[in-house]
Amino acid sequence: MEITAPVRKPSWYSPSVIANIGREVRRYPLIPLAILLLILIIPAFFAQNISPHHPTRGQFSERLTPPAWQEGGSSKYLLGTDKQGRDMLSRIFHGAKYVLIVSLTVIAVSGVIGVSLGLIAGYFGGRADMFIMRGVDIALSIPAILLALAIVASRGPSFGTVIFVICVILWSRYARQVRGEVLSIKNQDFISRAQVAGSSSFRIIIRHVFPNVVNSIVVLATLQVGFVILLESSLSFLGAGIPRPTPAWGLMVADGRELVVTAWWVSFFPGIAISLVVLSLNLMGDWLRDRLDPKQRNL
Amino acid sequence: MQRFIIIRCFYALVVLFIVSIIVFALARISGNPVDVFLPFDATDAQQEALERDLGLDQPLPIQYLKFVGNALRGDFGDSIKWDGQSAMGLVGQRFPATMQLAGIAMGISLLIAVPIGVLSAVKKDSVFDYIGKIIALAGQSLPPFWLGIVLIFIFAVQYDLFPTSGRGGGKNLILPAITLGWFQVAAMMRLVRSSMLEVLDTEYVKLARIKGIVEWKVIWKHALRNASIPPLTFFGIVAGQLMTGAVITESVFTWPGTGLLAVDAIRSRDYPVVQAVVISFAGIYILSNLIVDILYAYLDPRIRY
């Protein structure tokens, strides 16, 4: 006896297909992605084209104009102006560039150093492992802001200092994570088979070990970007990060601190920008972790 | 155990050594101190005399040893900005204000983090869990310096409930303490939650339940006590965060503590004071990490080298 279920081919406009597309789309973190595009990525690349005013030259006569929707605001300056009459919106757009530069550089540099050392420590073990892990312990116990303060006090604030300081503490996190994973991969059959087949250690690490840790590195890196942005803006806020008059978001919040009674918008909007970007990055990181690296979900 | 403590102490010393080298090296890079003290038209002989006075003519290792010797006696030289005061004296003067703030902040963060952490573990996927997740996410995403400013704007400017800055009565403490406590809440809560989840799954908790002990007692007495070991290690990190946070919070609220001292000193390139703050903060940080490590090893005998 033949059982035939009535199969109805869904046509492209049928509700089920649309629902499917909806489900497919909802699987991706769309809102965080949109926020990132809108206030970080597009401004970082096209700040010159989309910002209505110059980021560092202001109209002194129009200083402390409130945002457009408030009494006394003008549509010329959507988010108002700061103490020197510089347009807040343009400064936030231009600031995105520095956020992106600093965080990507830091993640790349500390990631490469940390991952390589983690691979070496995990794969070779022994003395190399001990040496590297002690380095990790030490790096983890160096208080970052203090280090930054000391460097800035003697050398003055600069991009190099910010990047250096954050890298000094960040590499250790990659190294620790990668080492842990390599330890569990190392004893699996495919590694010993590669060894028997005569592959060099270098080749095994690159071809067989690294591809197996790459997912968790991506997850870790995404989750780190938010941390890096927060640290960078904290340093800039303290005057120990990106030097003036660069429109760094942390610096802009600092500019608004003394104006909080009269002009709340000066520190409010850059802070919102930082919060939204970091929040979206964290949501993206959580999502990526669920997709790529589900064992870490409960951490 | 003894071996563990000795190894740990050794690492602590290594870290302190590295920090001191960094601070010392930075002091030397920052330019020849002779230029600061002498007028422009000083002769070479005067310059050499001063270099000899300051010990700058000696080889670097000897200079470093002298620096360490002085540092051990708490002597980092005199402040440049605050005339005639010793750098370490300034740190000492400002320290109680920082401790007060940090203590209250710690209390506030514990008060928020522990109950929510426990409840979100016990009632997984309930409203508490949801609130906990939001707090955790917000805690990781809101820049604390900005949070402080927003708090000032809402509670000090709009509603005039608290003063905007400075140190004084209890009212002055609340906003800075919340800002500083905020640093810890998210991480602490997550840690309490995950370690509670682990403990709630164990045999002795089930046994306690079977014995008919009231549920709240099982949770708050039996489970929480055992679940508090992992969060304890976190206190080492908290110590570091409190100091980082103190620097930020104090500069937001112009709270006259050590953190504000550091920021002021940087703005006026007052290097002796910066040195004194960095070394003493690093010392506290390293010491609290050391204590936590040792404590942890006592509490959980599985941790060994």
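1. **Confidence.** The model is predicted, so confidence comes first. Chain A has a mean pLDDT of 83. In that chain, 89% of the residues reach 70 or more. Confidence in chain A is lowest in helix α1 (residues 15-26), where the mean is 65. It is highest in α3(A), at 92.

2. **Chain A overall.** Chain A holds 10 helices and zero strands. Read along the sequence, its pattern is α-α-α-α-α-α-α-α-α-α. The chain has 299 residues, and 43% of them count as buried. Take the contacts in chain A between residues at least 6 apart in sequence: 69% of these join residues at least 24 apart.

3. **Chain B overall.** Chain B has 13 helices and zero strands. From the N terminus on, its elements run α-α-α-α-α-α-α-α-α-α-α-α-α. Of its 305 residues, 39% are buried. Among contacts in chain B between residues at least 6 apart in sequence, 70% link residues at least 24 apart.

4. **The largest nonpolar core.** This core has 159 residues. Which members touch the most others? They are A:Leu149, A:Ala150, B:Val274, B:Val277 and B:Val278. Look at B:Val278 in detail. Leaving out residues up to four places away in sequence, B:Val278 touches A:Leu146, A:Leu149, A:Ala150 and B:Val23. As background, nonpolar side chains tend to be buried together in soluble globular proteins.

5. **A helix pair in chain A.** The crossing of α3(A) with α6(A) is right-handed. The residues of this contact are 20 nonpolar, eight polar and four charged.

6. **A:Gly95.** This glycine sits in helix α3 of chain A. Is A:Gly95 buried or exposed? A:Gly95 counts as buried because it has 29 C-beta neighbours inside 10 Å, and the cut-off for buried is 20 or more. Apart from residues up to four places away in sequence, A:Gly95 touches A:Pro247, A:Ala248, A:Trp249, A:Met252 and A:Pro270. A:Gly95 and A:Ile39 are 56 residues apart in sequence, yet 9.9 Å apart in space, C-alpha to C-alpha.

7. α9(A) is mostly covered, with nine of its nine residues buried. Among them are A:Trp249 and A:Met252; both are also touched by A:Gly95. Helix α7 (residues 189-196) of chain A is hardly covered. The count of buried residues among its eight residues is zero. Just after α7(A), A:Gly198 takes a positive phi of about 90 degrees.

8. **A cis peptide bond.** What joins A:Arg244 and A:Pro245? The link is a cis peptide bond, with omega about 0 degrees. A:Pro245 lies in the loop between α8 and α9 of chain A.

9. **B:Thr254.** This residue has a positive phi of about 40 degrees although it is not a glycine. Where does B:Thr254 lie? B:Thr254 is in the loop between α11 (229-253) and α12 (258-267) of chain B. It has 17 C-beta neighbours inside 10 Å, so B:Thr254 counts as partly exposed.

10. **B:Leu119.** Helix α5 (residues 87-122) of chain B contains B:Leu119. Why does B:Leu119 count as buried? The reason is its 20 C-beta neighbours inside 10 Å, since 20 or more is the cut-off. B:Leu119 and B:Asp129 are 10 residues apart in sequence. In space they are 7.2 Å apart, C-alpha to C-alpha.

Technical notes: Residues numbered from 1 in each chain as written. Chains lettered and ligands numbered in written order. Predicted model: local features only at pLDDT ≥ 70, side-chain atom pairs only at ≥ 80, totals over all residues. Helix = DSSP H or I, 4+ residues; strand = E, 2+ residues; numbered from the N terminus. Buried ≥ 20, exposed ≤ 12 C-beta atoms within 10 Å, placed from the backbone. Contact = placed C-beta atoms within 7 Å. Left-handed = near helix turned anticlockwise from the far one by under 90°. Nonpolar A, V, L, I, M, F, W, Y, C, P; charged D, E, K, R; others polar. Core = buried A, V, L, I, M, F, W, Y, C linked by C-beta atoms within 7 Å. pLDDT = per-residue confidence, 0-100.
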